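Visitor: Could you walk me through this protein? I am new to reading structures and would like to ask questions as we go.

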Amino acid sequence: DTLNELITRVHSSDQAETTSRTDDENEAYEKLLKDIAFWIALDLSSESQFSRGAAQSAAVKLSVLSGRTVAQLFLPAKEPLMKPIVQRALRTLPYPVQIGHIDAVIFCLKQEPPIISSEILASSPLKNLMTACIDTCEDSAIQRLVG
């Protein structure tokens, strides 16, 4: 809630000045938007369900306020978002990390347009990740943790 309120206040005060912004101010705004989206994207795969929920909510709020899709906002952060998710075998990670990665992938796939494109889904590392996600979801130990 605090993050959403902050995003709303910053964006509202900035929008009031939109018509009088210089090119430098527009450039600074775009950089700020990119930085905020980057940090939100990194929290999408957090071990903490509260951090993930706050990041998802903030991403949607920023999308609505900026008039851009979540995919457009996260485009510059796609590689840093996906790298930790695909660089290590999911099953070798602690359960909370596995859940965080799966939740991040699900959030990315639910967006319109999806943040993770079909070409990326067809790549070997992500295919392996999706298979591991299914295996993890079927794991009785994980089901006891989230159920």
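Guide: What follows is a conversation about the predicted model shown above.

Visitor: How many helices and strands does the protein have?

Guide: The protein has nine helices and zero strands. Read along the sequence, the pattern is therefore written as α-α-α-α-α-α-α-α-α.

Visitor: What share of the residues counts as buried?

Guide: Of the 147 residues of the protein, 35% count as buried. As for contacts between residues at least 6 apart in sequence, 65% of them join residues at least 24 apart.

Visitor: Let us turn to charges. How many salt bridges does the structure hold?

Guide: The structure holds three salt bridges. One of them is formed by Arg 68 and Glu 30, whose closest N and O atoms are 2.6 Å apart.

Visitor: Where do Arg 68 and Glu 30 lie?

Guide: Arg 68 is in the loop between α3 (49-66) and α4 (70-74), while Glu 30 belongs to helix α2 (residues 23-43). The two residues are 38 residues apart, and the pair links distant parts of the chain.

Visitor: Is Arg 68 buried, exposed or partly exposed, and which of these is Glu 30?

Guide: Arg 68 counts as partly exposed because its relative accessibility is 28%. Glu 30 has a relative accessible area of 35%, so Glu 30 is partly exposed.

Visitor: Which residue forms a salt bridge with Lys 31?

Guide: The partner of Lys 31 is Asp 35, and the closest N and O atoms of this pair are 2.8 Å apart. Both residues lie in helix α2, four residues apart, which is about one turn of the helix. With a relative accessible area of 30%, Asp 35 is partly exposed.

Visitor: And what about Arg 52? Which residue does Arg 52 pair with?

Guide: Arg 52 forms a salt bridge with Asp 103, with 2.8 Å between the closest N and O atoms.

Visitor: Why does Arg 52 count as buried?

Guide: The relative accessibility of Arg 52 is 6%, and a residue is buried when this value is under 20%. Asp 103, at 24% relative accessibility, counts as partly exposed.

Visitor: How is the packing of two helices described?

Guide: Two packed helices are described by the angle between their axes and the distance between the axes. For α3 and α6, the angle is about 15 degrees and the axes are 11 Å apart. The helices α3 and α6 are therefore roughly parallel to each other, and α3 passes α6 in a right-handed crossing.

Visitor: Which residues make that contact between α3 and α6?

Guide: From α3, the contact uses Arg 52, Gln 56, Ala 59 and Val 60. From α6, the residues are Pro 96, Ile 99, Gly 100, Asp 103 and Phe 107. By class, the contact of α3 with α6 has five nonpolar, two polar and two charged residues.

Visitor: At what angle do α5 and α6 pack?

Guide: Helix α5 (residues 78-87) packs with α6 at an angle of about 135 degrees, and their axes are 10 Å apart. That angle makes α5 oblique to α6. The crossing of α5 past α6 is left-handed.

Visitor: Which residues of α5 and α6 meet there?

Guide: Leu 81, Pro 84 and Ile 85 in α5 meet His 101, Ala 104, Val 105 and Cys 108 in α6. Sorted by class, the contact of α5 with α6 has six nonpolar, one polar and no charged residues.

Visitor: Changing topic, where is Ala 37, and is Ala 37 buried or exposed?

Guide: Ala 37 is in helix α2. At 0% relative accessibility, Ala 37 counts as buried.

Visitor: Which residues does Ala 37 touch?

Guide: Not counting residues up to four places away in sequence, Ala 37 touches Leu 62, Leu 73 and Phe 74. Ala 37 and Leu 73 are 36 residues apart in sequence and 6.0 Å apart in space, C-alpha to C-alpha.

Visitor: One last thing: which residues does a cis peptide bond join?

Guide: A cis peptide bond joins Glu 112 and Pro 113, with omega about -5 degrees. Pro 113 is in the loop between α6 and α7 (118-121). As a general point, most peptide bonds are trans.

Note on methods:
Residues are numbered from 1 along each chain as its sequence is written. This is a predicted model: local features need pLDDT of at least 70, side-chain atom pairs count only at pLDDT 80 or more; totals for chains, interfaces and linings use all residues. Side-chain values use heavy atoms; hydrogens and water are left out. A salt bridge is a side-chain nitrogen of Lys or Arg within 4 Å of a carboxyl oxygen of Asp or Glu. Buried means under 20% relative accessible area, exposed over 50%, partly exposed in between (1.4 Å probe, protein chains only). Axes are lines fitted to C-alpha atoms, for helices over the stretch in contact, and angles run from 0 to 180 degrees between N-to-C directions. Angles under 35 degrees count as roughly parallel, over 145 as roughly antiparallel, 65 to 115 as roughly perpendicular and the rest as oblique. A crossing is left-handed if the near helix is turned anticlockwise from the far one by less than a right angle, and right-handed if clockwise. Contact means heavy atoms within 4.5 Å. Ala, Val, Leu, Ile, Met, Phe, Trp, Tyr, Cys and Pro count as nonpolar, Asp, Glu, Lys and Arg as charged, and the others, Gly among them, as polar.
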